[in-house]
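Take a look at the model below.

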Amino acid sequence: MNKKVTNGTIKKMKTEGTPISMITAYDYIMAQNVDEAGIDMILVGDSLGNVVMGYSSTLPVTMEDMLHHTACVVRGVNRALVVGDMPFMSYQESTQQALHNAGRFMKEAQCDAVKLEGGARVSEAVYKMTQAGIPVVGHLGLTPQSVHQFGGFKVQGKNVEKARQLIADAKELEDAGAFAIVLECVPAALSAEITKSLKHAATIGIGAGNQCDGQVLVCTDLLGMSGGFRPKFSKPYANLHDTIVGAVKEYISDVQGRSFPAEEHTFAIDAEVMQAVQKE
Ligand code: KIV
């Protein structure tokens, strides 16, 4: 087994300028596959709500949903650092609630870090978590749990005030102890500026250009598993949608034509046993 990736590894990669690869996963088999491929970080994202559970946003996802799926992923991983994503309203009520639920991720799902959305407004919670020994990933830019406040899925930080706010929020998260910060749908030049301004916290971009310290993609986008909408920032590296639909069509046709199961998929029994059974 290659050496386990820790938050220390990620900080070192930032310092040395080594790009960090991250992908989402929601279950054991996907976790095994992406870990075997050599991914550095796995995010059990609350995009679970859209990708696995079929909701139109991440808002309905619960702590129990996240703990269940994070634990499945953790069981499939040897090397990658696994981040559990704190769902909507699991940390917004109070710092105490945030700390309690971050602790549940570490104790019950046994992941390596937690992620939460927001800047200055969550910095006290981030500080308390890191003081308690919980590694934290921040998330700025288009934070999907605030989609209703943003009025839709839009690129963030496009005017001077908003751009300055993002830079200040990133600094505040770093000062509170976050070891990485996801930047989602942030203009490339602004992400590069944020990345430069952070000494220790690694930026992980999604729709944020190639000057971030690392990149993250949703696994089903990367693998081309959905036949429908694909965000502009994602790149499909496979077309598993067509592969899956094609394979299942072939299976249906084999079942209907009785060509599956063939002899090699079938268990034999001694002829005498069958004769005895049939005589009865
Ligand atoms: O939930 C998720 O998958 C995420 C990524 C898009 C960064 O937060």
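Of the 280 residues in the protein chain, 47% are buried. This is a predicted model. Buried here means under 20% relative accessible area.

Now take the overall dimensions. Along the principal axes, the C-alpha atoms of the protein chain fill a box of roughly 85 × 35 × 35 Å. The chain is divided into two domains: domain 1 covers 7–238, and domain 2 covers 243–279. How far apart are the centres of domain 1 and domain 2? Taken over C-alpha atoms, 46 Å separate them.

Next come the elements and contacts. The protein chain has 12 helices and eight strands. Consider the contacts in the protein chain with a separation of 6 or more: residues 24 or more positions apart account for 58% of them.

Finally, zoom in on two strands. Strand E1 spans residues 20–24, and strand E2 spans residues 41–44. E1 and E2 pair in the parallel sense, over three bridges. Within this pair, Ile 23 stands opposite Ile 42 in E2. Which way do the residues of E2 point? Met 41 and Leu 43 point one way, while Ile 42 and Val 44 point the other way. Are these residues buried or exposed? Met 41, Ile 42, Leu 43 and Val 44 are all buried.

Conventions: Residues numbered from 1 in each chain as written. Predicted model: local features only at pLDDT ≥ 70, side-chain atom pairs only at ≥ 80, totals over all residues. Heavy atoms only, no water. Helix = DSSP H or I, 4+ residues; strand = E, 2+ residues; numbered from the N terminus. Buried < 20%, exposed > 50% of the residue type's maximum accessible area, 1.4 Å probe, protein only. Contact = heavy atoms within 4.5 Å. Domains from an automatic or database assignment. Pairing = 2+ DSSP bridges.
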